Amino acid sequence: DGTPKELALSTTRFISEKENYLLLSLKNIHSVLEKEEMIAWQKLIRVLTHEIMNSITPVISLSETLTERTAEAETNDKDFDNMRTALSVIHRRSKGLLTFVENYRKLSRLPQPSFSPVNIPSMLGDICSLHNNVKLSLDIPQNTTIDIDRSQIEQVMINLIKNGREADTENANPEIRVSAYFEKENIIRSGYSGRRIFIKVSDNGKGISPEAADKVFLPFFTTKSSGSGIGLSLCKQIITMHGGKIGFTTEKDKGTDFVISLKV
């Protein structure tokens with residue numbers, strides 16, 4: 001179905017009616033590994049941000065104090081001018097680093113979803129109305145309602161639309177398309193048959209390079225000069241906490257489709 005899988009393989013040898021058999025068992029553990037990976041990233045980010053915050057806060061305070069004191073000194077003194085310039089750079093970069101760290105703290109402080117019934121066509125319509133030239137295509141009934149955290153899913157959609165716009169900057173005719181549709185899913189669980197809703201955000205940009213394709217959901221990774229590298233990581237964390245999946249398909253110079261699937 002196009003989604004990645006990690007398989008756990010176990011083997012058992014046994015004898016039945018004097019015949020030797022080897023039983024092979026395969027189990028998809030992709031979702032389990034994803035959750036463990038997310039927890040590991042959260043722990044790492046907590047440690048890093050704690051240590052950086054402890055170091056950078058006093059640096060900012062000291063640089064502010066020294067900057068104020070040098071302002072009272074003789075401005076025609078070359079040494080004082082150089083020191084004031086250096087302190088200004090220290091203060092500016094320290095503030096920038098503080099903002100950088102605060103962005104990453106969001107990944108480790110994401111609250112658990114607060115589920116409630118949400119009308120999907122209405123929610124998608126509201127999101128698309130906030131953005132110019134975003135086309136909406138619905139292949140689901142207008143009364144389609146599922147239990148989600150609306151605020152968190154809206155955040156995911158806004159991030160994906162923003163990414164699509166940034167991917168389209170070099171396109172003379174940029175186009176973002178949002179679509180929603182159902183697909184039946186057979187689940188091997190006591191004959192239970194479930195259903196999923198798929199929400200797709202498509203752009204007609206330059207596509208994602210093969211080198212970046214397997215890293216787009218990793219925290220800290222970005223191909224943008226001013227990017228923080230947390231947008232898609234945050235999206236994946238939110239969707240995973242909803243029990244859903246997020247993935248993408250991309251084609252060079254034709255665009256990228258990000259697809260979210262959620263249980264109905």
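Helices (H or I, at least four residues) and strands (E, at least two) are DSSP runs, numbered from the N terminus. The model described here is predicted: local features need pLDDT of at least 70, side-chain atom pairs count only at pLDDT 80 or more, and totals for chains, interfaces and linings use all residues. Residues are numbered from 1 along each chain as its sequence is written, and side-chain values use heavy atoms, with hydrogens and water left out.

The protein contains 6 helices and 9 strands. Its length is 264 residues, of which 32% count as buried. Buried means under 20% relative accessible area, exposed means over 50%, and partly exposed lies in between (1.4 Å probe, protein chains only).

Strands count as paired if DSSP finds at least two bridges between them. Strand S1 (residues 7–16) runs antiparallel to strand S2 (residues 19–28), and 10 bridges join the pair. Within this pairing, Thr 12 has Leu 23 of S2 as its bridge partner. The hairpin leaves 2 residues between its strands, and Glu 17 takes a positive phi near 50°. Strands S8 (residues 245–251) and S9 (residues 255–263) also pair in the antiparallel sense, over 7 bridges. Here Thr 249 stands opposite Asp 257 in S9. In this hairpin 3 residues lie between the strands, and Asp 253 has a positive phi near 65°. In a regular strand the side chains alternate between the two faces of the sheet.

Helix H1 covers residues 30–71 and includes Ser 31. Ser 31 is partly exposed, at 42% relative accessible area. With a relative accessible area of 36%, Glu 64 is partly exposed. Between Glu 64 and Leu 87 the C-alpha separation is 8.1 Å, and the sequence separation is 23 residues.

Helix H3 (residues 120–129) buries Ile 120, Pro 121, Met 123, Leu 124, Ile 127 and Cys 128. Viewed down the axis of H3, these buried residues fall within an arc of 165°, so they line one face of the helix. The arc is that of the directions from the helix axis to the C-beta atoms. Asn 119 caps the N-terminal end of H3, with a side-chain oxygen 2.8 Å from the backbone nitrogen of Ser 122. Such a polar contact is a pair of N or O atoms within 3.5 Å; within protein, one must be able to donate a hydrogen and the other to accept it, and residues adjacent in sequence count only if both atoms are side-chain atoms.

Asp 149 sits in the loop between strand S5 (145–148) and helix H4 (150–167). Its side chain reaches the backbone nitrogen of Ser 151 at 3.2 Å. Leaving aside residues up to four places away in sequence, Asp 149 touches Gln 112, Pro 113, Ser 114, Phe 115 and His 242. Asp 149 is buried but has no salt bridge; the nearest side chain of opposite charge is that of Arg 150, 8.7 Å away. For charge, Lys and Arg count as positive and Asp and Glu as negative, while His and the chain ends are not counted.

A salt bridge is a side-chain nitrogen of Lys or Arg within 4 Å of a carboxyl oxygen of Asp or Glu. The whole structure holds 7 salt bridges. One of them joins Glu 175 to Lys 135 at 3.1 Å, N to O. This pair links distant parts of the chain, 40 residues apart: Glu 175 is in the loop between H4 and strand S6 (176–186), and Lys 135 is in strand S4 (residues 134–139). Glu 175 counts as partly exposed, at 23% relative accessibility.

In another salt bridge, the closest N and O atoms of Lys 162 and Glu 166 are 2.9 Å apart. Because Lys 162 and Glu 166 are 4 residues apart in helix H4, about one helical turn separates them. Lys 162 is partly exposed at 45% relative accessibility, and Glu 166 is partly exposed at 32%. Lys 254 and Glu 251 also form a salt bridge, at 3.5 Å from N to O. Lys 254 counts as exposed, with 57% relative accessibility, whereas Glu 251 is partly exposed at 43%. Salt bridges with shared partners also join Asp 126, Arg 150 and Glu 154 into one network.

Key
Contact means heavy atoms within 4.5 Å.
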